[in-house]
Amino acid sequence: MSGHDSKYFSTTKKGEIPELKEELNSQYKDKRKDAVKKVIAAMTVGKDVSSLFTDVVNCMQTENLELKKLVYLYLINYAKSQPDLAILAVNTFVKDSQDPNPLIRALAVRTMGCIRVDKITEYLCDPLQRCLKDDDPYVRKTAAICVAKLYDINAELVEDRGFLESLKDLISDNNPMVVANAVAALAEIQDNSNSPIFEITSHTLSKLLTALNECTEWGQVFILDALSRYKAADAREAENIVERVTPRLQHANCAVVLSAVKMILQQMELITSTDVVRNLCKKMAPPLVTLLSAEPEIQYVALRNINLIVQRRPTILAHEIKVFFCKYNDPIYVKMEKLEIMIKLASDRNIDQVLLEFKEYATEVDVDFVRKAVRAIGRCAIKLERAAERCISVLLELIKIKVNYVVQEAIIVIKDIFRRYPNTYESIIATLCESLDTLDEPEAKASMIWIIGEYAERIDNADELLESFLESFPEEPAQVQLQLLTATVKLFLKKPTEGPQQMIQVVLNNATVETDNPDLRDRAYIYWRLLSTDPEAAKDVVLAEKPVITDDSNQLDPSLLDELLANIATLSSVYHKPPEAFVTRVKTTAQKTEDDDYPEGGSETGYSESSAHAADGGVSPTSSSNVPYSAARQPAPAPPSPAAPVPDLLGDLIGLDNNAIVPVDQPATPSGPPLPVVLPASTGQGLQISAQLTQQDGQIYYSLSFENNSQIPLDGFMIQFNKNTFGLAAAGPLQVPQVQPGTSARTLLPMVMFQNLSQGPPSSLLQVAVKNSQQPVWYFNDKASLHVFFTEDGKMERGNFLETWRSLPDSNEVSKDFPDIVVKAEATLDRLPASKMFFIAKRKHANQDVFYFSAKLPRGIPFLIELTTVIGTLGVKCAIKTPSPELAPLFFESLETLLKV
Amino acid sequence: MISQFFVLSQRGDNIVFRDYRGEVPKGSAEIFFRKVKFWKEDGEGDAPPVFNVDGVNYFHVKVAGLLFVATTRVNVSPSLVLELLQRIARVIKDYLGILNEDSLRKNFVLVYELLDEVIDFGYVKTTSTEVLKSYIFNEPIVVDAARLPSLGAAGLFMQGSKRRMPGTAVTKSVVANEPGGRKREEIFVDIIEKISVTFSSSGYILTSEIDGTIQMKSYLSGNPEIRLALNDDLSIGRGGSSIYDYGNSSGSGSVILDDCNFHESVHLDNFDIDRTLALVPPDGEFPVMNYRMTQEFRTPFRINALIEEAGPLKAEVILKVRAEFASSITANTILVQMPLPTYTTRVTFELEPGAVGNTTDFKEANKRLEWGLKKFVGGSEHTLRAKLTFSQESHGNIVKESGPISMTFTIPMYNCSRLQVKYLQIAKKSKTDNPYRWVRYVTQANSYVARL
């Protein structure tokens with residue numbers, strides 16, 4: 001070979017492709033090989049050299065393995081775009097799969113599996129069958145992986161042709177690497193299948209444990225990971241397994257060590273002998289610590305796993321806290337994880353050492369790390385009662401350095417320490433108050449304000465301190481406003497003098513009239529009501545003794561921890577999330593999902609189904625779900641009087657008798673699914689309107705529900721529609737009886753189309769006006785989804801569909817991507833016809849599934865729909881063809897709501 | 001299993017890209033690079049080695065300034081993938097002799113061939129250079145190593161010990177033939193120890209640890225068996241004693257390792273009896289044994305720092321470093337660093353009279369003092385005086401806002417653990433030529449820190 005490969009990247013003045021073509025057809029072998037290299041070079045930098053397909057494939061029939069490999073590399077890349085030409089290579093593949101040289105046999109079957117072209121797949125079966133039984137282990141192990149490839153392309157084919165059985169046979173192969181690869185392939189197939197394919201019996205277990213000792217490091221990982229799914233029958237079997245696996249802890253490959261740890265931890269759950277467990281813990285500690293001598297990337301993975309392990313078995317590393325001390329040159333992601341583990345391992349015995357470390361970290365450069373170190377000191381204080389005082393004195397030392405973010409972080413944790421040890425450390429409040437004016441972070445500010453309010457009686461100038469915050473009340477973030485509100489109320493209750501009284505008026509005013517934040521307003525009103533009705537009760541509520549907090553130390557929920565521990569040595573254990581939370585690989589054999597549920601629109605009205613009242617029919621009393629307390633109450637046993645007044649809590653704040661608040665719970669009986677709210681009660685002076693366009697037997701209706709939460713009966717309802725794209729208008733008068741307070745009425749208003757047409761670009765907007773005799777006119781906006789209008793006769797014959805598609809010009813085709821929609825084949829097929837989009841055909845194109853649908857609008861406007869999904873990825877692409885392409889945006893809007901359920 | 005593998009340059013250029021499963025969208029390399037580059041808004045701070053963007057999991061390791069990346073959509077073993085990325089880098093280095101952007105580009109056909117033999121459908125097949133030799137047909141084009149900055153362990157030995165070591169030996173390809181078509185028979189055994197020590201403000205050792213590796217790179221033909229004998233009195237495991245009460249064993253002369261592990265080619269049949277390791281070394285560079293030790297050891301350097309306030313806006317720092325190893329040994333490339341208070345505006349330095357090969361610097365951006373020494377002879381002591389000027393009064397917090405002092409260095413032919421290769425035996429029925437055997441020791445600072 002001559003010169004450097006990089007010369008292949010240089011371009012010539014002449015047209016590159018014709019020149020390459022000439023060289024590929026040269027009579028000299030070396031020249032051809034060089035030419036293929038140039039082609040590959042062009043391919044790797046992203047140039048399109050697919051036009052040379054035939055010429056490259058012609059070089060395939062060669063004895064020269066180097067050249068053959070290059071051609072194969074090219075084939076894998078371009079076969080998909082040239083499926084018809086790729087078929088030319090099949091003969092050579094089949095021939096190569098019978099070559100006397102095992103390398104060529106393996107290469108052929110390996111490459112064929114990588115070419116995802118249906119036609120080639122058919123030809124792959126026979127060679128694969130042969131190679132699975134080849135004499136040479138290299139060929140067999142390559143064939144084993146090829147079965148997984150084939151399963152990914154065409155699962156049925158694998159099952160039909162008995163490849164799964166052949167694969168299972170390979171578990172008993174005498175070559176451990178073949179066993180390992182068969183295990184890997186079976187594990188993957190099992191992951192993508194719903195039926196049990198790969199189940200480990202005690203028989204396979206012993207075979208795999210034997211292979212474990214002999215195969216390469218990577219094979220060991222495959223086998224260990226597959227075995228970790230095995231549930232031992234009893235403690236004795238578990239002990240036996242552990243004994244066979246323990247030597248793997250001595251392996252230099254971190255993946256082997258971690259997979260072995262996983263396996264041992266799992267079997268340990270079954271082992272009853274405490275001696276054995278203690279001994280195992282002792283054996284696991286040094287290898288786990290040794291993982292921290294690896295590259296920082298591996299350390300990170302190890303630390304995330306150790307974090308989980310010490311939550312379940314703290315004894316394993318109880319004496320090793322020193323190895324988690326941060327090194328000066330550790331990357332920040334390693335330092336953060338070490339800190340977390342140090343907190344978990346901190347004990348009365350080592351806390352002095354640990355505090356010394358934390359204090360040192362708190363003066364380092366990286367701000368995030370420093371903050372976490374300060375927080376760590378606080379968490380240790382909460383965790384270890386006997387060390388709390390030492391922790392606090394370290395925090396005070398840090399505050400004295402007056403580094404702004406250190407001070408703020410310290411105040412946040414000190415607030416928690418106060419909650420944990422009430423009436424113990426308040427003497428330090430004076431020191432904290434010195435830093436008051438430097439606080440600029442919401443959480444720190446809120447914490448400080450909480451402290452002032454909570455200990456108002458011990459701080460002489462508490463009123464002055466709080467007052468300094470009040471000026472800026474409207475500009476403060478919600479977190480701070482809420483704390484200011486509560487702290488002022490506490491101050492007032494503790495020191496009911498003139499100053500605090502004035503302050504409380506300012507605060508309550510700010511927090512009710514002047515704010516848009518409902519949380520703040522609600523809290524303020526509750527305080528207001530409490531203070532104005534019964535100040536003693538207010539004291540009981542606001543100054544009540546708080547439950548003592550405990551150290552969370554970022555503990556995981558036990559069931560999540562169980563799941564994560566079962567996933568040690570996987571990504572799951574690094575993210576601390578269960579696999580389904582991040583694995584988005586769409587399974588090829590998706591299960592049918594229950595998709596008949598109605599969309600959850602308008603669920604905030606909180607209906608509860610009650611069969612007893614279902615017979616009441618169209619108009620039935622519903623509970624006023626806006627009454628705050630009702631949610632927690634049981635339905636009232638006796639039928640309540642329909643005229644029961646609904647008290648408006650916010651309406652009259654002062655002087656309302658508490659006994660008057662009588663819940664008026666009534667079982668709700670909606671006739672049909674809940675409708676989306678279009679006019680909330682808060683806007684409609686107690687009148688809530690829910691509505692939706694629907695189609696029944698070809699007729700379009702506006703389904704409406706009126707819910708009266710006001711104090712007076714409402715009647716004389718009328719409705720009008722503004723001009724709209726579809727020309728929708730009411731076909732008759734709105735028929736609604738008088739609606740009593742606390743009840744609701746439901747009606748179906750027949751609609752007509754093409755009456756009331758608006759000009760301008762199409763829009764789904766539907767503007768509606770409703771009035772009654774008691775209230776002003778209410779205006780609201782609704783949406784007219786296109787699919788509501790699709791007609792019953794929208795189904796096309798295949799031939800007709802094709803013809804219509806061809807007859808429409810390309811300019812009538814519009815397409816759109818929906819990147820985050822998952823389409824499950826059956827679910828989609830089921831859901832769309834319910835909305836009168838009719839299924840025409842499904843086509844499989846390479847790794848894409850393409851579905852065709854048709855639909856029709858009144859006046860015979862057809863929609864031809866093509867949905868494309870790429871297997872294994874999210875998202876769907878929709879292309880439509882219609883004589884009215886201007887309606888496309890409406891169609892896509894509609895489709896998105898249909899698919900996004 | 002992984003979906004894609006790629007190598008990016010520091011600038012984010014795609015040097016190598018291979019898709020094994022076609023389930024991750026095309027732009028993954030760009031998505032990855034943007035994410036890593038802007039992990040924090042300010043561009044500082046390393047991205048963790050594993051993260052998820054839009055359902056795609058990205059793994060990366062940095063080797064020789066290059067980013068080795070793998071992607072997957074499924075719940076794989078992250079340590080497997082990260083270890084694999086390291087191994088791919090090592091295999092490529094074995095083949096190319098030297099690993100950098102230039103050598104990768106010059107050998108892209110070979111690299112692709114390697115990748116196809118290392119990974120199939122996202123599954124690791126093998127990462128053993130020895131095994132790969134029978135499947136790889138392309139030959140490496142060796143990049144001239146002399147002009148390039150050396151990397152990794154190889155680089156360590158080339159500095160300061162040129163007379164004894166053939167510098168190019170460790171950067172030569174395992175498979176390529178030397179000019180003249182004949183390979184030189186030689187074997188390298190390197191004992192590399194990285195030490196981490198933290199001194200308290202009073203000079204007391206808070207933590208100390210040695211991470212050691214016995215690394216081997218064999219250029220022997222005919223795969224002969226090798227025997228390595230280690231210290232007779234070597235013992236493994238602290239026997240349940242906790243880390244807090246070590247020290248009782250120091251001075252007794254025996255070497256006690258906390259833990260160790262071995263390459264899969266190593267036979268330990270005699271290890272328990274006479275502490276010998278037997279192996280048939282595969283081609284390529286590989287660790288024969290990794291070990292870890294927290295037993296107390298003699299720290300090579302002592303650091304002394306004195307900070308004196310000299311008026312409200314001035315202070316003086318005196319740094320003293322003493323080498324505690326024998327005078328026959330010389331450390332090289334020493335760098336002492338010390339963060340100073342953020343309000344430091346100016347620093348003037350004063351070296352000892354007659355000091356040579358010293359550099360001093362005040363890094364304005366991160367307020368750090370840097371003191372570099374080319375050489376440091378055993379038993380000697382060096383001092384640096386630095387006068388600091390502040391922009392604001394220090395309120396007596398100078399000590400709290402400075403430090404810790406950290407130090408990096410390399411000490412060839414020295415190891416702290418006293419672990420030794422007593423002999424290296426090559427079982428070869430050789431006629432005349434005796435293979436070259438290089439047993440080399442080196443100690444490097446990992447995290448060598450003195451608190452103030």
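How many aromatic pairs does the structure hold over all chains? I looked this up first. The model is a predicted one, and I found 41 aromatic pairs in it over all chains.

**Entry: a pair in chain A.** I picked Tyr361(A) and Phe369(A). Their ring centres are 5.3 Å apart and their planes stand at 35 degrees, so I noted the pair as tilted. I then looked up accessibility. Tyr361(A) has a relative accessibility of 1% and counts as buried, because the cut-off is under 20%. Phe369(A), at 0%, is also counted as buried.

**Entry: a pair in chain B.** Phe5(B) and Phe68(B) make a tilted aromatic pair, with 6.1 Å from centre to centre and 55 degrees between the planes. I found Phe5(B) in strand S1 (residues 4-8) of chain B and Phe68(B) in strand S5 (residues 66-72) of chain B, so the pair ties together parts that lie 63 residues apart in sequence. Both Phe5(B) and Phe68(B) are buried.

**Entry: the cores.** The largest nonpolar core has 277 residues. Among the members that touch the most others I listed Leu317(A), Phe5(B) and Phe68(B). I also noted a second, separate core of 69 residues, which includes Trp371(B) and Ala450(B). Going back to Leu317(A), I left aside its neighbours within four places in sequence and found contacts including Ala285(A), Ile306(A), Phe324(A) and Leu345(A).

**Entry: a ring cluster.** Ring pairs join a set of chain B residues into a cluster, among them Phe199(B), Phe301(B), Tyr414(B) and Tyr448(B).

**Entry: charges over rings.** I found the charged end of Arg859(A) over the ring of Phe754(A), 3.7 Å from the ring centre. In chain B, the charged end of Arg275(B) sits over the ring of Phe271(B), at 4.7 Å from its centre.

Key: Residues are numbered from 1 along each chain as its sequence is written. Chains are lettered from A and ligands numbered from 1 in the order in which they are written. This is a predicted model: local features need pLDDT of at least 70, side-chain atom pairs count only at pLDDT 80 or more; totals for chains, interfaces and linings use all residues. Side-chain values use heavy atoms; hydrogens and water are left out. A nonpolar core is a set of buried Ala, Val, Leu, Ile, Met, Phe, Trp, Tyr and Cys residues joined through side-chain atoms within 4.5 Å. Buried means under 20% relative accessible area, exposed over 50%, partly exposed in between (1.4 Å probe, protein chains only). Contact means heavy atoms within 4.5 Å. Rings of Phe, Tyr and Trp (its six-membered ring) pair if their centres lie within 6.5 Å; planes under 30 degrees apart count as stacked, over 60 as edge-to-face and the rest as tilted. Helices (H or I, at least four residues) and strands (E, at least two) are DSSP runs, numbered from the N terminus. A charge sits over a ring if NZ of Lys or CZ of Arg is within 6 Å of the ring centre and within 35 degrees of the ring normal.
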